[in-house]
Amino acid sequence: MAQIEIISKEDLLQFKNELIQEIKAIIQPARAETKQWLRSTDVRKMLKISPGTLQTLRINGTLRFTKVGSIMFYKYEDIVRLLDNK
């Protein structure tokens, strides 16, 4: 005969919390990997600035960029350095 176990709400809450922690541990390393090069939209989201402000940062030399075709790319480390300086 099979034994019957009764599960309480507290047991379910504890299971949920443990499951969430395990999922976070699995996902966390994937988030730690950052792109070396970012596009303008990513940079604007990161810095919370408008396209015009980003253009000003390029023009006055505050933020270096590389243009490939019509797309501008920015080094992640340059963005972090800019954030650290402000």
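Val43, Met46 and Leu47 of helix α2 touch Tyr76, Ile79, Leu82 and Leu83 of helix α4, where contact means heavy atoms within 4.5 Å. Sorted by class, this contact holds seven nonpolar residues and no polar or charged ones. In that sorting, Ala, Val, Leu, Ile, Met, Phe, Trp, Tyr, Cys and Pro are nonpolar, Asp, Glu, Lys and Arg are charged, and the others, Gly among them, are polar.

Before going further, a word on the model. It is a predicted one, in which local features need pLDDT of at least 70 and side-chain atom pairs count only at pLDDT 80 or more, while totals for chains, interfaces and linings use all residues. Residues are numbered from 1 along each chain as its sequence is written, and side-chain values use heavy atoms, with hydrogens and water left out. The pLDDT is the predictor's confidence in each residue, from 0 to 100. Its mean over the chain is 87, and 91% of the residues reach 70 or more. Helices (H or I, at least four residues) and strands (E, at least two) are DSSP runs, numbered from the N terminus.

**How the helices pack**

Two packed helices are described by the angle between their axes and the distance between the axes. Axes are lines fitted to C-alpha atoms, for helices over the stretch in contact, and angles run from 0 to 180 degrees between N-to-C directions.

| Pair | Angle | Axes |
|---|---|---|
| α2 and α4 | roughly 20° | come within 11 Å |
| α2 and α3 | about 100° | 10 Å apart |

How does α2 stand to α3, then? The two are roughly perpendicular, whereas α2 and α4 are roughly parallel. Under 35 degrees counts as roughly parallel, over 145 as roughly antiparallel, 65 to 115 as roughly perpendicular and the rest as oblique. On the α2 side, Ser40, Val43, Arg44 and Leu47 meet Pro51, Leu54, Leu57 and Arg58 of α3. This contact has five nonpolar, one polar and two charged residues.

**The sheet**

Three strands make an open, antiparallel sheet in the order β1-β3-β2; strands pair if DSSP finds at least two bridges between them. β1 (37-39) and β2 (66-68) are the edge strands with a single partner each, so one side of each has no neighbour in the sheet. Direction ignored, neighbouring strands are turned by 40° against each other on average.

β1 and β3 are joined by three bridges, with Lys75 of β3 as the bridge partner of Trp37. β2 and β3 (residues 71-75) also pair over three bridges. Lys67 stands opposite Met72 of β3, and Val68 has Ile71 of β3 as its bridge partner. The hairpin of β2 and β3 has two residues between the strands, and Gly69 there takes a positive phi near 65°.

Finally, α2 lies across β1 and β3 and runs at about 90° to β1.
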